[in-house]
Amino acid sequence: MTDAPLDLLLLPTWLVPVEPAGVVLHEHGLGVRDGQIVLIAPRDQALRHPAREVHELPGRLLAPGLVNAHGHAAMTLFRGLADDLPLMTWLEQHIWPAEAKWVNESFVRDGTDLAIAEQIKGGITCFSDMYFFPNVASERVHASGLRAQITIPVLDFPIPGARDSQEALRKGLELFGDLKHHPRIKVAFGPHAPYTVSDDKLESIRVLAEELEAGIHMHVHETAFEVQQSLELHGLRPLARLQRLGLLGPRFQAVHMTQIDDDDLAMLMTSNTSVIHCPESNLKLASGFCPVERLWQAGVNVAVGTDGAASNNDLDLLGETRTAALLAKAVAGSATALDAHRALRMATLNGARALGLEQQIGSLELGKAADLVAFDLRGLAQQPIYDPVSQLIYASSRHCVEHVWVGGKQLLDAGRLTRLDEAALIETAQAWGQQIAAR
């Protein structure tokens, strides 16, 4: 026993560390000091350690905070604006025109706040954001207490907040400098997609990413049309083009990847590239199916993301993970594909690994940040409980999220946001909706 008391001692019925894989600890305690996990022990041993704050959590499952590995936070304000349309129609005729008209610093501030609140209430403690005005998004993340990867948007045409890619990169490098030592915010590059970013810009991003040891987060192989278009224009599939340009590697985050042939799989394996699976957005836009089980069995790191609320339409990573598990079985033609424990790992440690944060978060291990979520499994729909992880993935919803901590700081207490005003957020979102609908 150390002399210093614990800041926080949590005593759940079930503790799921995620690493080691498949383990469920019954009646254990978890201790936090200075924002880090410093104790995991059986309940009677844990209670021998003095603590400033003790939470008895009967009937709750304590797990690592969920990691939403891909999204467009501020697009919550476009939720439901253009539903039931194919991807390119949705983008070119609805979303891009709406963004050109409405997206400014205020839009990103209010939309990001709304997204942060929704994610905290859903048990998400870290998210990756790919949107305009990343400086504004980072300010909102800083204020919220949440953890995030903020990406620098790069496209071949002018975007909100940057007249061209050079200005976007210049502002992005300033943000890198400003946030270099931030404990909760990591900056990465976010070239939109192979079909919207030219080779010269991708080469510039590769050089900068190598210098800064930064991640590269990009939509890749989202649709069959994208792949066909690339073959016609470049004579290569998009992933092969990115490989030729030297972008693939352990810091590359390939979002969607619904189209994968044997050569693509080999490139993903040898480069140690992560794939970020967004099943509900892919289903809603009829983009295709990522072969998650095939990737997993090949040793590719697969994480999960919600995508933006304009194409999902929620930021519910627990629901997304359930969809991912069910869809993986159908795609693989096997009921054993992506079992519940692996699905939870995909939503936690695999997401952390994709974002380069696996040494800090994603599992409940000594020395890691205390990013935690307590799920309430006492409800009617969860009974009886044979395997609590199975009940979490297949029989629970984000409404069972009760408490959330990031770095040991409580951001959700019994379902109540501790730093954000939920009523004010709703009122602001409604005002944006009325304004946008009127036009």
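How much space lies in the largest pocket? I read about 390 Å³ for the largest pocket, where a pocket is an open set of points on a 1 Å grid over the protein atoms alone at which a 1.4 Å probe fits, with protein on both sides within 12 Å along at least five of seven lines. The volume is the space filled by probe spheres set on the points, which are joined across faces, edges and corners.

Before going further I noted that this is a predicted model, in which local features need pLDDT of at least 70 and side-chain atom pairs count only at pLDDT 80 or more, while totals for chains, interfaces and linings use all residues. Residues are numbered from 1 along each chain as its sequence is written, and side-chain values use heavy atoms, with hydrogens and water left out.

Entry on the largest pocket. I listed 28 lining residues, with Leu-91, Trp-96, Glu-99, Phe-132 and His-192 nearest the centre; a lining residue has an atom within 4 Å of a point. Two or more residues of this lining come from each of α2 (87-102) and β8 (147-154), these being DSSP runs numbered from the N terminus (helices H or I, at least four residues; strands E, at least two). The largest share, seven residues, is from α2. By class I found 19 nonpolar, six polar and three charged residues, counting Ala, Val, Leu, Ile, Met, Phe, Trp, Tyr, Cys and Pro as nonpolar, Asp, Glu, Lys and Arg as charged, and the others, Gly among them, as polar.

Entry on the second largest pocket. I noted a volume of about 300 Å³ and 14 lining residues, of which Ala-117, Glu-118, Lys-121, Arg-398 and Glu-422 are closest to the centre. Helices α3 (105-121) and α16 (422-438) each supply at least two residues of this lining, which holds seven nonpolar, three polar and four charged residues.

Entry on strand β3 (residues 28-33).

I then traced its partners, taking strands as paired if DSSP finds at least two bridges between them. Strand β1 (residues 8-15) runs antiparallel to β3 and is joined to it by three bridges, with Leu-8 partnered by Val-32. Strand β4 (residues 36-42) pairs with β3 over six bridges, also antiparallel, and Gln-36 of β4 stands opposite Arg-33. Two residues lie between the strands of this β3 and β4 hairpin, where Asp-34 takes a positive phi near 55 degrees.
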